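Trainee: I'd like to go through this model with you piece by piece. Could you start with the terms before we get to the details?

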Amino acid sequence: MKFSFSKKTWKFIFTIILLLAVIFISSRGADNPVKGFVLTLTSPFLKTLRIFSGGVAGFLDFLESIGNLKTENENLVRENMELLAENVRLKDIDAQNQELRRELELLPRKKFELEASFVIAQDPREPGSSIVIDKGKNSGLKEGMPLIVANGILVGKISEVFSSTAKAVLLTDPRSAVNAEIEDSGAKGIAKGEYGLGLKIDMVSQTEVIKEEDIVMTSGLGGEMPRGLLVGKIDKVFQSEDKLFQQATIIPAADVSDLIAVFAIKNF
Amino acid sequence: MKNYFLFVFCFLAVVFQLSVLGNFFDAKRLPDLVLIFSLTLILSLGFERSMVWLVVAGLLLDAGSNWRLGTTSLALVMLGMGLERILRFAEIRSRRFLFVLLFGIIIAFSKIVFDLASQMIFWMTAYYKKQPAGIQAAFFSQDYFLKIFYTILIGYFTYYIFRKLSRKLFAPQPIVPKR
């Protein structure tokens, strides 16, 4: 009896072997130029469609919100008044701060050098995992640079840089680990991503006090991130069974699965 | 011309999946356009003819994600092979019905398997580190059903449009007798 494969089966086997080889090669990091090349070619389309569809989505949201305009307006007026009061208080604090700095002969706090960029693609299979932005080496971006949104809220850091695009790992990705600190108590720990689903602070000493609603920010330890970037709020606190450390889940300050524009911190 | 059309179709599916759908759908409920594209091709052209395009679509999608290059292509090719085996044995005459049925099974199954695997990782990590698991995967949440629903809905339109267009493009040419 003669045993032979059909032409189709041979094609299938050949494709599988070829793809396994590609996966093997890319696991050694050799896929970077290919990914960079593909992203460079596709980024104009990704960017244009992202912006255009964002406009359409915004318009649809606007149509949907027309019915709520009156309530929203009242809320905005009230919010505006609260912000005015807050502004006055902050101006006073700023004046005090400058006075104290002068007395202590401290230099004014250095401002970040930011590079604004659009999010042009997001991995649909892992929404809280990674994004592609429309700036890369040409704009001076480097691996490891922190990414923030308005008001200094940390959302992730750059993981791969190509000529005109870059990929960033978001805070909720399991590969992400950031030195963090609880604002009130000064307790230090590591904020880690949880499989794209959430965020957790780990390695907090048992002697420290952490409670729900505490603010978590970057500690600046290790020099990878500037100090004081907002990470989120403490949700639930856990005690580890071995009683060595405390852990807590964090509610991220920004919704990382729905980002439009981000800022890369080039200098801090 | 045919290849050009297929490339544009494949390219649009990936670009829309990566950059456009996120503006209209909640991230956890994004319809899987590349899967729709793959199923449409397999059902319309057969596995053998669509294999190249499954590979291309997978590679393009992997380029925009953190997955290893080739993993999505491999998954799509395996899916195509499996589908072809099913089609060979199952006697479902209505292709539309088959299309919707396959979607439901594939998406629900893959999502449930993915979340079960995530939960297992949490539990195993927690067990070995002797720490609480922290986050729990939200099983059978509204997101599951909406994602499947959106995918089927968009898939049905995509499949319909593709069939209409491909009938013109891939229709057998009449044989003109030589003089």
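Mentor: Helices here are DSSP runs of H or I with at least four residues, strands are runs of E with at least two, and both are numbered from the N terminus. Please keep in mind as we go that this is a predicted model.

Trainee: Switching to chain A, which domains does the assignment give?

Mentor: The assignment for chain A gives domain 1, covering 8–109, and domain 2, covering 112–268. Taken over C-alpha atoms, the centres of these two domains of chain A are separated by 13 Å. Their contact involves 9 residues from domain 1 of chain A and 11 residues from domain 2 of chain A, and the domain 1 side comprises 2 nonpolar, 5 polar and 2 charged residues.

Trainee: What about the two chains, how many residues are in contact there?

Mentor: On the chain A side there are 47 residues, in contact with 36 residues of chain B. Several elements of chain A give two or more residues to that side, among them α1 (7–27), α2 (32–65) and β1 (113–122), and the largest share, 12 residues, comes from α2(A).

Trainee: Which classes do those chain A residues divide into?

Mentor: The side of chain A that touches chain B divides into 20 nonpolar, 14 polar and 13 charged residues.

Trainee: Now the nonpolar core, which residues have the most contacts inside the largest one?

Mentor: The largest nonpolar core has 89 residues, and those with the most contacts inside it are A:V155, A:V231, B:V14 and B:A57. Helix α3 of chain B, residues 47–63, gives the most to this core, with 10 residues, while domain 1 and domain 2 of chain A each supply at least three residues.

Trainee: Which residues does A:V155 touch?

Mentor: Leaving aside residues up to four places away in sequence, A:V155 touches A:L147, A:I148, A:V149, A:L170, A:L171, A:A254, A:V256, A:L259 and A:V262.

Trainee: Last one, then: is β7 of chain A mostly covered or uncovered?

Mentor: Strand β7 of chain A, residues 188–194, is mostly covered, with 5 of its 7 residues buried. Strand β6 of chain A, residues 177–182, pairs with β7(A) in the antiparallel sense over 5 bridges, and A:V178 stands opposite A:A191 of β7(A). The hairpin of β6(A) and β7(A) has 5 residues between the strands, and in it A:G186 takes a positive phi near 75°.

Trainee: How many bridges join β7(A) to β8(A)?

Mentor: There are 5 bridges joining β7(A) to β8(A), and the two strands run antiparallel; the bridge partner of A:K192 in β8(A) is A:K200.

Terms used
Residues numbered from 1 in each chain as written. Chains lettered and ligands numbered in written order. Predicted model: local features only at pLDDT ≥ 70, side-chain atom pairs only at ≥ 80, totals over all residues. Domains from an automatic or database assignment. Contact = placed C-beta atoms within 7 Å. Nonpolar A, V, L, I, M, F, W, Y, C, P; charged D, E, K, R; others polar. Buried ≥ 20, exposed ≤ 12 C-beta atoms within 10 Å, placed from the backbone. Pairing = 2+ DSSP bridges. Core = buried A, V, L, I, M, F, W, Y, C linked by C-beta atoms within 7 Å.
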